[in-house]
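Dear colleague,

I am passing on a structure that will be new to you, and some notes on what was found follow below.

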Amino acid sequence: MLAGLGWTSLTIVRGRHEPDAEAEDRQVLRSTVLHISPDTLRWAQWSLADEPFLLGDRPVAWQVSARADTSSPLAAWSAYFTPDVPGEAVADFLVALDARDQPTVPLAGPDQVLDAVAAHGWLRAADQPHAAAMDPAFTSHLSLGEVPPLIQDGDLHALATGADEAGPAGWQAWSEPAPGAPYLWAASFGPSVPHSLVAVFAASLSSTAPVLRRVLPEATAGRLLRMPAS
């Protein structure tokens, strides 16, 4: 998909190779595929690491970032997705990011995110109607709040936050098939990710349109509506 949008792909492999060992015996510690947009203002990185960054005890597979201009090598914001985040939602997020002339400029407020899922039947949280929602089966959740540790963001307030202070709020999404059960997947958006981009992800995530799947997650297979593939 990204290749079709004109993004360039680079593969970086870091491993361990003992002297006199055959090439096929090299131990791969980190394999990274970096996709860069033509204007170099946005990039998406897929990593398989020996020391993974975890969200909800799930390793991060994709890190998507953007910057305001090419004068700085640092990202203005980053978003993170673990394996098994619905691929359609990640793809729609990337397509929307590619279409933005200014990928770091906010164009809407947080209500746009909740409106996107409410339009597909999600329920706003009774105690946080302006900051959280969940699907009718109470398995997938979306919340605006303090971001987990290690989330990279260009907001300098995040660096100045004290130990007892709440940092800038960012969107979190996750799937928990039952209270206390292991997460199926998780996604985290840094505080500076434009709400309009998160809304695209949220709309895709909450869509009731059929999708093709070869394998169904065991934890939720019994609650999924299945139909024959055309």
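Are Phe189 and Phe201 buried or exposed? Phe189 is buried, and Phe201 is buried as well, where buried stands for under 20% relative accessible area, exposed for over 50% and partly exposed for what lies in between, with a 1.4 Å probe and protein chains only.

Please keep in mind that this is a predicted model, in which local features need pLDDT of at least 70 and side-chain atom pairs count only at pLDDT 80 or more, while totals for chains, interfaces and linings use all residues. Residues are numbered from 1 along each chain as its sequence is written, and side-chain values use heavy atoms, with hydrogens and water left out.

Rings of Phe, Tyr and Trp (its six-membered ring) pair if their centres lie within 6.5 Å, and planes under 30 degrees apart count as stacked, over 60 as edge-to-face and the rest as tilted. By this rule there are eight aromatic pairs. One of them joins Phe53 and Tyr80, which is edge-to-face because the ring centres are 5.3 Å apart and the planes stand at 80°. This pair links distant parts of the chain, 27 residues apart, with Phe53 in the loop between strand E3 (42-49) and strand E4 (54-55) and Tyr80 in strand E7 (residues 77-81); helices (H or I, at least four residues) and strands (E, at least two) are DSSP runs, numbered from the N terminus. Tyr80 counts as buried, at 1% relative accessibility.

Phe189 and Phe201 also form an edge-to-face pair, with 5.2 Å from centre to centre and 65° between the planes. Ring pairs link Phe189 and Phe201 with Trp77, Phe81 and Phe93 into a cluster.
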